[in-house]
Amino acid sequence: MAIIDSRHAAKQLIYEKVFRSATLTAAILVLLILGGVALSLLHGAFPALKQFGFAFVTREIWNPVTDQYGALSAIYGTVVTSLIAMAIAVPTGFGIALFLTELCPPLLKRPIGVAVELLAAVPSIIFGIWGLFVLAPVLQRHVQPWLIAHVGPIPGIGKLFMGPPYGIGILTAGFVLAIMVLPFIAATMRDVFDTVPPMLKESGYGLGATTWEVIWNVVVPHSRAGIVGGVMLGLGRALGETMAVTFVIGNAHRISTSLLAPGTTISSAIANEFTEAVGDLYTSSLIALGLLLFLITFAVIAAAQAMLRRLERRALSSI
Amino acid sequence: MKVFKGLVIAAAALGWAMSAAAADISGAGATFPYPIYAKWADAYKTKTGIGLNYQSIGSGGGIKQIKAKTVTFGASDMPLKPDDLKAAGLLQFPMIIGGVVPVVNVKGIAAGQLHLDGATVAAIYLGDITQWNDPAIKRLNPKLTLPATAIAPVYRSDGSGTNFLFSDYLSKASAKFNTTIGANSSVQWPIGIGAKGNEGVANMTTQTDGAIGYVEYAYAKQNNMAYAALTNKAGSIVEPSGESFQAAAANADWATADSFYLILTDQAGAKSWPITGASFILLYKQPADPQPVNEALKFFAWAYQDGATMASALDYVPLPAAVIAQVKKAWSTEITAGGHPVWTGK
């Protein structure tokens, strides 16, 4: 008996070791891939960065004829479309998640939940085509003329809504992005709200708190980290989204104050131009754009981590 | 054991499939001629059993792939300069011809009614002409009533041969366009809105009042778009059609063009459509393995010979016979392996 047992134990030990090294390899593989991506981007972007230096990031020009490239308009477009998307999607996603977990009649809970998840499964090209053929004409005929006529003359904010109604442009791209990131934000937040222990909520109600007070003082503080996580997941997708944006942004390497004007984003510029880019500097500049997107995404994730840590510290100190 | 057997069979099947694929001709490049290459490939496979694996990844990609020697031939909508070809050891020749057509969306103006010239179109895309009732457009169209609508220029946002032909034509027609913008597969347009692909430009143009855009001829024709007639180099007004594209190709001076480096825009001849272009094939002059190159040349020769009807059905234009003869002569004199010509056909 004792011999079998020790054999069994030895076997288990080997399994343990194999399993351990397998998971370790998988984890290291991620690091290697990420490092490989960063290195090959740097290598590919080197000629452009060497030619233009830091000015690559600060110049608006993008002229393949004279081989002069600057990424400013693409960075601007990427950031602004993502901000518009987040401005629409975060409050909406927050509302959907709260409604589903706290207020929704049980009968509706499943259909709405499934609908949100299905929205996440729609391929981005479908959103692009829908944006171009369905949304853009509606915006062009009904929404944008109204904005131009009524918001345009207002000093200050009016500057954002000037120019001809093209239907496509920065605003349309932000809008399509909002719909695309909404399911990610809503689903993540819903799952986090679901993890709030019912005992806490019921204690709140027991003390005579209203639904709003329970949500704001119990549910939200308990799921802060998850909310930030959901927002970051959405922002990450918005920053990198390519195909749908390419269809509706108007693809112009220009910075305009008007949100109705065409612009470009980093990923849509790469998708548009990489296939026909002839010449080393042109290709290298497009790869340098990719490197910038890599850095921006990295900075966003780092900022999210820092924010989470600060929130945690504040939560601890308030106890 | 059963699993193992299955694996062996699967591996054998894979090996067989791969050896079958090895006999296929491989090429990569321009998207503009892809529909006709695909159609030719299909007919050629039925006839000879040899398939064509053509990846339509864009001209830039095609040039990179042939330089990396991962494909037998590359395809590009922009001809490579003779110096570049010499440095890489490549031979270049035209395969098929197509045309680019300006399309408009102006109330009350049907296909072919509007008449424009290169200088006017260039001024529109530079933002110098902003209204449809501008005197410059009125002068060309004395009989039309043009509305006071703002012109909304639409351009192709993705790098493409269409962009190259259009911007090259405008550069030839307008000195200002040439110095401020120039010709390329992507250029920095000062105004207007960029749409992706022919379908994007067509869609933006049809849904925006007062828009002007440019698409490949097949696209304008199949979608019944309101195209504009243009004044050509000879000063006559021409409509886009297979004949006017072929006229431009026939009037071009292929005989003296080094390495077939010839851009067909703004050609002489009373019937020549001014925005015509050829799509090119790139091959190594001294291939390490002459066998696949020979197979590719057989395919191209067959396409020149028997592919013209298929090309016309898709609104492409076959090369003039004189140009084909010159291309074949270049094959037999310039592509060699071990001192012997690879191409021995007619």
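How many residue pairs are in polar contact across the interface of chain B and chain A? Let's find out. This is a predicted model, in which local features need pLDDT of at least 70, side-chain atom pairs count only at pLDDT 80 or more, and totals for chains, interfaces and linings use all residues. Residues are numbered from 1 along each chain as its sequence is written, chains are lettered from A in the order in which they are written, and side-chain values use heavy atoms, leaving out hydrogens and water.

**Stop 1: the interface.** Select both chains. Here 38 residues of chain B are in contact with 31 residues of chain A (contact means heavy atoms within 4.5 Å). The rule finds twelve residue pairs in polar contact, both at pLDDT 80 or more (a pair of N or O atoms within 3.5 Å; within protein, one must be able to donate a hydrogen and the other to accept it, and residues adjacent in sequence count only if both atoms are side-chain atoms).

**Stop 2: the chain B side.** Now pick helix H3 (59-67), strand S6 (152-156), strand S7 (193-195) and helix H9 (197-207) of chain B; each supplies at least two residues of the side that touches chain A. Helices (H or I, at least four residues) and strands (E, at least two) are DSSP runs, numbered from the N terminus. H3(B) gives the most, with five residues.

**Stop 3: two helices in chain A.** Select H3 (residues 72-103) and H8 (residues 211-222) of chain A, which pack at an angle of about 105°, with axes 12 Å apart. Axes are lines fitted to C-alpha atoms, for helices over the stretch in contact, and angles run from 0 to 180 degrees between N-to-C directions. H3(A) and H8(A) are therefore roughly perpendicular (65 to 115 degrees). Show the side chains at their contact, including A:Phe94 and A:Leu98 of H3(A) and A:Ile215 and A:Trp216 of H8(A).

How values were computed. Angles under 35 degrees count as roughly parallel, over 145 as roughly antiparallel, 65 to 115 as roughly perpendicular and the rest as oblique.
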